[in-house]
Structure formats: C-alpha cells, structure tokens
Amino acid sequence: MGETLTNIGQTEPRPTGWQGIAADWSSDQRAFKNVSWGKAMMWIFLLSDTFIFGCFLLSYMTARISTRVPWPNPSKVFALRIGGSEIPLILIAIMTFVLISSSGTMAMAVNFGYRRDRRKTAILMLLTAALGATFVGMQAFEWTKLITEGVRPWGNPWGAAQFGSCFFMITGFHGTHVTIGVIFLIIVARKVWRGDYDTGRRGFFTSRTGRYENVEIMGLYWHFVDLVWVFIFAFFYLW
Amino acid sequence: MVDITPADGIPPAEVAEVELYHPHSWWTKYVFSQDAKVIAVQYSATATAIGLVALVLSWLMRLQLGFPGTFDFITPEAYYQFITMHGMIMVIYLLTALFLGGFGNYLIPLMVGARDMVFPYVNMLSYWIYLLAVLVLVSSFFAPGGPTGAGWTLYPPQAIMSGTPGGQDWGIILMLSSLILFIIGFTMGGLNYVVTVLQGRTRGMTMMRLPLTVWGIFTATVMALLAFPALFVASVMMLLDRVLGTSFFMPAISEMGEQLPHNGGSPILFQHLFWFFGHPEVYIVALPAFGIVSDLISTHARKNIFGYRMMVWAIVGIGALSFVVWAHHMYVSGMHPYFGFFFATTTLIIAIPTAIKVYNWVLTLWRGDIHLTIPMLFALAFIVTFVNGGLTGLFLGNVVVDVPLSDTMFVVAHFHMVMGVAPILVVFGAIYHWYPKVTGRMLNETLGRFHFWVTFLGAYLIFFPMHYLGLMGVPRRYAELTDMTIMTESAHHLNSFISVMAFIVGFAQMVFLFNLIWSVRHGREAGGNPWRATTLEWQTPQTPPAHGNFGKDLPIVYRWAYDYSVPGAKEDFIPQNMPGSFGPSREPA
C-alpha cells in the first residue's frame, strides 16, 4: 500500500503496482498522485522535446546512410594534437565528462534543496551552471576549430556536405538547450540564495510563489539535456 | 432521497488552491490577460480573422478555376500562392488554433472544474507567440515576391527554387519562420491543456466522468505535442537549406541549365517528417470535433451518450493509430510494396474506431427527444458529412485506387469534406452552443438557420461535383482548366457552378460574422443554462463566468456528464455537481 498526501495533510491509502496505476487513473483530481503541476508539465515538455531531438537524429542518420559520398571520420575530425600526438575525440570526451559531472552536482543540489540548505543548494546549482557554461565554451572552441579547418554547413574538405550541416544543426540545437539551462540555473540559484522559497516571494512575471521543488524540476530539465548529449555522442561521434 | 453531505464518496481535496493572478488595469484584464477565457476569445478572434483571409483566397482560386482568363490579376504564380496560403492557414492557423487555443482554453478549465489553466502566465505567452506567428505569416503577403507558392505541403526541392513563387524570395522564409513560432507558442498552450486535464480536475471529476469534449481536445493536444516536433524539425532543416545552403532535402539539381550548389539531400525525408506531423494533424483537428459533437448530440437529443467508454477508447485509439499511417500520403512518391501494404492496412483499421463513433452517435439519437436547435442541425450535418468524407477515405487509403486518383480533384473533394467541412460544421455548432455562455446572449435564430442551410447545402453543392470531376480525371493543382480535352462541356459548366456556390457559401459566413457581432448587444438574454445541459460550465454562478470561474467554492462532481432524461428525476437533466441519486443513471460503473 502506498499513500497519497492530501491538501489537509491527511494521507490516504492507495494500492501499489498495476492496481495502483489503475486506481490513480480512475481517481478524481489527479492522475499522477503527489506530482505537482510544474513537475508534470516539465515531464510532458521533455516528452515533446524528445520527439524533436529524435527527429533531428533520425534525419541525420537518414542523411548519413543515404549519402553516396564518404562520411568524414569523426575520430580524425574531432582529434586534438596534444604533446605531439593526435588523440581522437579527446575534446568530446572531456566535454562529455564535464556535462555528466554537472548532472552529479545537480543531483546533489536537489538533495540539499529538500533539506532546506539554501547555501549548499545555491552553490551546487551555480557549480552546475559553471560546468554547463564550460561545456558550451568547449563547444564554441570545437566550432571555431572546425570552421577554421574549412567545415561549413554547406560543405567540408573531407566528404559529405551533410556532415557539417548535421553537426552544426544538432550540436547547435543541443548547445542552445544547455545555454537556456545555464540561464535558468542561475535564476533559480538566485531565488534559493535569497530565500524566495522560504519567504514566499512572488515571481516577477508570474506573480506566483515558488517552492524548493523548483530545484528538482530544473534538475529534470538538466538531466534530460545530459541524456540527449549521450545519444548525440553515441550516434554522431562514435558511429 | 437527496443526500447532500459533502463527503458522499468524494475524497477530500488533494491540491491547495493556487491564488489567481488578479488584474489591476484594463490592459492586464482584457489585453495581456492571464484568464483562460479571455485568452480563448483572443485565440478565436485571431483565428477567425486569419481564416477570413483564407476564405477570400479560396474565392480568388475559384474565380480563376471557374472563369479562366477573365481575371488578369490571377496569374498562375498568384494562383499557387493563394492555394498554399489557403491550405496552410485553414489547417494550422484557423482549425488547430481555434479548436485547441480557442475551445480548449475556454472549455477545459470550466468543464473539469478548475479556476484556470495550471500556468496562466505561460498560457498568455502562448497566445502572443501565436499572434506573432500569424503576423509573420501575413507579412509575407507584403514581402518582395509575395508569399510562398510551394503548395501547402511545401515539398522540396521546388519549395526553395526560383521557379516557385517566394522560393528564392522572402515567402518561404517567412512561412517556415511562422510555423516555427506557431509550434513554440502552441507547445506552451498545449502543455497547459494536458496538465490541467490530468492534474487540475475538481473533486469527484474522474477521467471517466470528463465530457467527451474534454477527451477530444485532450487527446488532440497530446498528439499535437508529439506530432508538431516533426514539423518543427522539417521547418528548421528547410530554413537552413534555403538560408545557409545546406542540402538536407536538396538533391543535386539544376535550374535553368545551371547546376545548383546543393547535393545529396533527400526530398523524401522531408515528406516523411511532414506527414509524420501531417497525418496526426488531421486528427488533431478531427478529435476535438468528435468530442464536441458528442456533447452537442447528447444535450440536444436529451439522451445520454451511447457507449461512453467506447467513445473514449475510440478517441484514444484513433489518436494512437494516426501515428502509424502517415505514408499513405506518399503512395505516389514511390515505396516498397510491403510498406504500401502496411500503411494501407493501418489506414483501413482506423475505420473501425471511427465507425464505432458514428454508430454511437446514431444510437444516441435513436429514440431521443431531438430538439432541432441550430447546434443540433450542425451536429447532424457533421455526422452525414463525416461519413461521406470518410468513405472516400477508404478509396484513397488503398494504394491501387489512390495512385490514379491522387492528383485529381477527387482528393480535393475528399479532404475538404472530411477535414474541412466536417470540423468547421462542428465549429459552427459549438459556437451556437457556447456563445450564450461566453456573452450571456443567444445568437439570432433566423440568421442562424439561414447560415446553417446555406452552409450545409452549399458545401455539398461545392464538393460533391468535385468527386465527379476527380473521377473524370480533372487534375488538382492546375491553375487553368481551359484546354482539358478530358473535360466535357458539361463538366466545365459544373466547374463554374462550383465557383458560384463557393461565393454563396462564403457570403453566408459574412451573415454569420454579422450575427456574432450583432448578438453581443442585441441577442436575446440567455440566462445561465439555456440548453439545460449537465456539464459544469453551465453551472457557474455568473454568466459569462467571472474570473476564477466558480465563485467561492469549486464544484464537486457527483455524476457523469450525460444524465439526461433519467427516469424518476424531476428535470430531464441532472447537473454534474448535483448530489444525490435520482433513478437509474446510465453512468458506467
């Protein structure tokens, strides 16, 4: 038996497992018990966003398998010369490491948020934002390097023109997601730092009060962006 | 007999009431409003305004087709621009925006017993981004080269080549930008509608007590959130092809003897992305219509909807199936026969849930106390029209029949019947039905009946002959039909007749618009519940509903939405928030 917390602080017993799912969906008020509006909305948005990235990646794969010109070798294209030797994919490996690490700090921030530890939560969120910004910075470096080597959206020196098109489009779209995430991490961190979620200060635009759950909702977005990167990493760089 | 203890099997409230945003000025009350009802009216008004543009475009097209050579200003280029903008506006900027942004915003919070959408600020942004999308679209009429003439499907490679109007000018860029904006705006609204239905219902309102209107809009919104991403991606990629010179969709191709810089792209990829959006889009428009028409029929026949659960599952089933049929729009693009077989099969399977719905509507009417009010007339007209349009869909869903018919007027007749006329009839019925709630006054009855008969009969006189022209082999997408040897003289007369009818039906819409505006002040006072309906929006303390919808306390729902003519009850309807038991209800246990 699970339970549902109601408005007036009572708990109601609810069945678990499949019966619980059936009971929740056939109940009134909420289909997902104990899921706030904001969290539900973020999950559904992420589902929709999954379809966007899915379409981008499927289109890229279609372009890659249907082109008659050889596809540039990502290991070589994305290699860096460090200490006199070419190390394949090293920058991408570091970028991936940085982004995955930021998921770790984000998870810690959520944890401290629920413990009402404002200082640690804000610091960890800012650390997450810093790691995200580092990722975007390295992506900018990668773009610069490729552009100086002659890669353009409409062509490149090594093979299929779609290589550059897909690269800039997909990493650009993902980088935009990371950038938006960084901005919102800073905004939420500021609210946590200032104690908005304790004092019930209202949002500037929405005039609604926020809760520490917002840190978790922010975390959902951030983990999603990381997860998408794993797929981009696997399908674009490792293929 | 009547037990009014608030508990009555209803669990306590689970969610704390969220304080609503209270507007401080005229601007925040009526312009930058966060109230879903105001946003709904804004959405509807904008959609109607842009829909009028599309209506005028259809007149211009019919002028050209019916009386070729008479009007010099309609060049072939202009004709293609009209056809493109007409299609795109009607499907996306009118029907999608009106059903989801208009009816969705107005009806969802009221019908589920909520004070507003869950995130009113995001909801407001949704409308303003939609308005921006519409303005960008309209601006293409004034851009150099005019709007795009690529056809509403925007197929590459022709969409961005110089032979197509707007292809190398501003037209296609503005079109794609507008679509991208529309999708962003719609997503903001759509998330709101879905979360409000799932998580924002009042006490006692289970999913299986939702009026079918809410089920239709809800399912359509979920579908839109999953289908629009494909259009978004396709628009971004084509924009890059056009602006940056990438080759996602552009194969190696030469134009006017000159090799274009594109190379190696796949036009078919665009078609897949487009139709992965495009087919669900048909049902994004149709499912809200199905839902609304169910409620209209039940209310105006004073009888519970037949097979409520089957109706719900049919809506959900159609929604799911519509994601696996998209390539039936691409039979003539060429595909492996097994794929054709697969997509033909899935397409025909959709006939099962839709047939269930039609039977249930008819069985709801069976022995009902049918009031031939204007909403009911439109609802009945919808059933007939939907069956007609659906039956020709069975023809076109089969590969061997589709291939010869695909490029003919038969297809034009089919999709106008099934996703043009049929949903718009529901839109009209719904407006006549809910206008009293929105304004507090009834629409004028005489003008309404005139509007109905001219629209209904006129639509048939336009689109029925088109089937014959199509079977004869008259092609669609042609700007002129003068030297068609396959067309007999009588076929030419029929063609001109269609044009005349198009004008008459269009004129009837002007009467309707006049009625809409005139009745705001001069209509008969409606009272709170003129149709004696059961659903929550008719039980509000004020009409039109005030900010916050339900006064001090939210309603508690004790029954389903279809307790009409319950034996033993005093009235022939029992509102959803009326406690107690009155007799043998047909609510599924």
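Me: How many helices and strands does chain A have?
Reply: This is a predicted model, in which local features need pLDDT of at least 70 and side-chain atom pairs count only at pLDDT 80 or more, while totals for chains, interfaces and linings use all residues. Residues are numbered from 1 along each chain as its sequence is written, and chains are lettered from A and ligands numbered from 1 in the order in which they are written. Helices (H or I, at least four residues) and strands (E, at least two) are DSSP runs, numbered from the N terminus. By that rule chain A has eight helices and four strands.

Me: What percentage of the 239 residues of chain A count as buried?
Reply: A residue is buried if 20 or more other C-beta atoms, placed from the backbone, lie within 10 Å of its own; it is exposed if 12 or fewer do, and partly exposed in between. Of the 239 residues of chain A, the share that counts as buried is 33%.

Me: Is Arg116(A) buried or exposed?
Reply: Arg116(A) lies in the loop between helix H4 (90-114) and helix H5 (118-148) of chain A. Its phi is positive, about 60 degrees, although Arg116(A) is not a glycine. Because Arg116(A) has 12 C-beta neighbours inside 10 Å, it counts as exposed.

Me: Is Asn549(B) buried or exposed?
Reply: Asn549(B) is not a glycine either, yet has a positive phi of about 70 degrees. Its place is in the segment after H15 of chain B. With 23 other C-beta atoms within 10 Å, Asn549(B) is buried.

Me: Which helix gives the most to the side of chain A that touches chain B?
Reply: Residues are in contact if their C-beta atoms, placed from the backbone, lie within 7 Å. The contact takes 42 residues from chain A and 43 residues from chain B. On the side of chain A, helix H2 (37-66) and helix H6 (162-194) each supply at least two residues. With 14 residues, the helix that gives the most is H2(A).

Me: Which residues does Ala36(B) touch, not counting those up to four places away in sequence?
Reply: Ala36(B) lies in helix H2 (residues 36-66) of chain B. Ala36(B) is buried because 29 other C-beta atoms lie within 10 Å. Leaving out residues up to four places away in sequence, Ala36(B) touches Asn105(B), Tyr106(B), Pro109(B), Asp116(B), Met117(B), Pro120(B) and Asn123(B).

Me: Where does H7(B) bend by about 30 degrees?
Reply: Helix H7 (residues 267-300) of chain B has 34 residues, of which 29 are buried. From its first C-alpha to its last it reaches 49 Å, close to the expected 50 Å; the expected span is 1.5 Å times one less than the number of residues. A bend is the angle between axes fitted to the seven residues ending at a residue and the seven starting there. For H7(B), the bend of about 30 degrees is at Trp275(B).

Me: What is omega for the cis peptide bond that joins Thr543(B) and Pro544(B)?
Reply: Pro544(B) is found in the segment after helix H15 (489-522) of chain B. The peptide bond from Thr543(B) to Pro544(B) is cis, and its omega is about -5 degrees.

Note on methods
Contact = placed C-beta atoms within 7 Å.
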